[in-house]
Amino acid sequence: MGLFTKDIKSLDDLFVHTLQDVYYAENQITKALPTMIGKATNAQLRQGFETHLRETEGQIKRLEQVFGMHGHKPKAVNCPAIDGIIKEANETAGEVADKEVLDAALLAAAQAVEHYEIARYGTLVAWAKRLGRDDCAAVLQQTLDEEKATDQKLTALAESRVNQKAA
């Protein structure tokens with residue numbers, strides 16, 4: 001099912017489809033994070049992944065809340081973008097023998113995930129507001145704020161420790 005299928009006829013349809021896309025993505029992320037936790041050797045990075053796993057579980061609950069508020073049952077549609085990001089992360093991590101370089105690779109992969117999520121949630125917030133659904137926008141904004149904060153923490157960790165050790 002492509003993004004622009006015949007069943008998307010309105011901004012509301014696109015909003016729901018994108019909710020389904022990010023719902024799939026968040027569920028895939030919860031499956032990928034335990035592997036990243038297991039591979040990370042930097043304690044702060046491992047802790048950050050553990051924290052993000054718990055946050056992601058809460059974000060899934062928020063998405064389910066938004067589905068309900070908008071009159072839909074939670075449903076996922078395949079998201080080739082997140083599948084590709086996770087696949088690339090797994091392939092890269094499998095090729096890195098140096099543990100400090102591996103941590104840098106894992107951190108970079110996590111930031112790619114965060115940037116994807118920031119883009120999706122930013123769009124969903126804007127569309128919810130345009131659709132007059134400030135209630136949905138407020139719930140989605142909570143997740144957007146968390147994603148931005150996680151990205152900032154990852155950047156700080158990369159710049160202060162992980163990249164330096166990998167070099």
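Predicted model: local features only at pLDDT ≥ 70, side-chain atom pairs only at ≥ 80, totals over all residues.
Tutor: Welcome! Residues are numbered from 1 along each chain as its sequence is written, and side-chain values use heavy atoms, with hydrogens and water left out.

Student: How do I read a helix pair, and at what angle do α1 and α5 pack?

Tutor: Two packed helices are described by the angle between their axes and the distance between the axes. Axes are lines fitted to C-alpha atoms, for helices over the stretch in contact, and angles run from 0 to 180 degrees between N-to-C directions. Helix α1 (residues 11-39) and helix α5 (residues 134-166) pack at an angle of about 35 degrees, with their axes 14 Å apart.

Student: Which residues of α1 and α5 meet?

Tutor: F15, L19 and E26 in α1 meet C136, L140, T143 and E147 in α5; contact means heavy atoms within 4.5 Å. By class, this contact has four nonpolar, one polar and two charged residues. For these classes, Ala, Val, Leu, Ile, Met, Phe, Trp, Tyr, Cys and Pro count as nonpolar, Asp, Glu, Lys and Arg as charged, and the others, Gly among them, as polar.

Student: Is L140 buried or exposed?

Tutor: L140 is buried, with a relative accessible area of 2%. Buried means under 20% relative accessible area, exposed over 50%, and partly exposed in between (1.4 Å probe, protein chains only). Not counting residues up to four places away in sequence, L140 touches F15, L19, L63, V66, Y121, L124, V125 and A128.

Student: What about cores: how many residues has the largest nonpolar core?

Tutor: In soluble globular proteins, nonpolar side chains tend to be buried together. A nonpolar core is a set of buried Ala, Val, Leu, Ile, Met, Phe, Trp, Tyr and Cys residues joined through side-chain atoms within 4.5 Å. The largest one here has 29 residues, and M36, L45, F49, I82, L106 and L107 have the most contacts inside it. Helices α1, α2 (43-69), α3 (80-95), α4 (99-130) and α5 each supply at least two of its residues. The largest share, eight residues, comes from α4. Apart from this core lies another, of 18 residues, among them V66, Y121, A137 and L140.

Student: Which residues does L45 contact, beyond its neighbours within four places in sequence?

Tutor: L45 is in contact with A40, D103, L106, L107, L154 and L157. L45 sits in helix α2 and is buried, with a relative accessible area of 1%.

Student: And where is P34 found?

Tutor: P34 is in α1, and it is partly exposed, with a relative accessible area of 42%. Its C-alpha atom is separated by 8.0 Å from that of L53, 19 residues apart along the chain. N27 is also placed in α1 and is partly exposed, at 25%.

Notes
Helix = DSSP H or I, 4+ residues; strand = E, 2+ residues; numbered from the N terminus.
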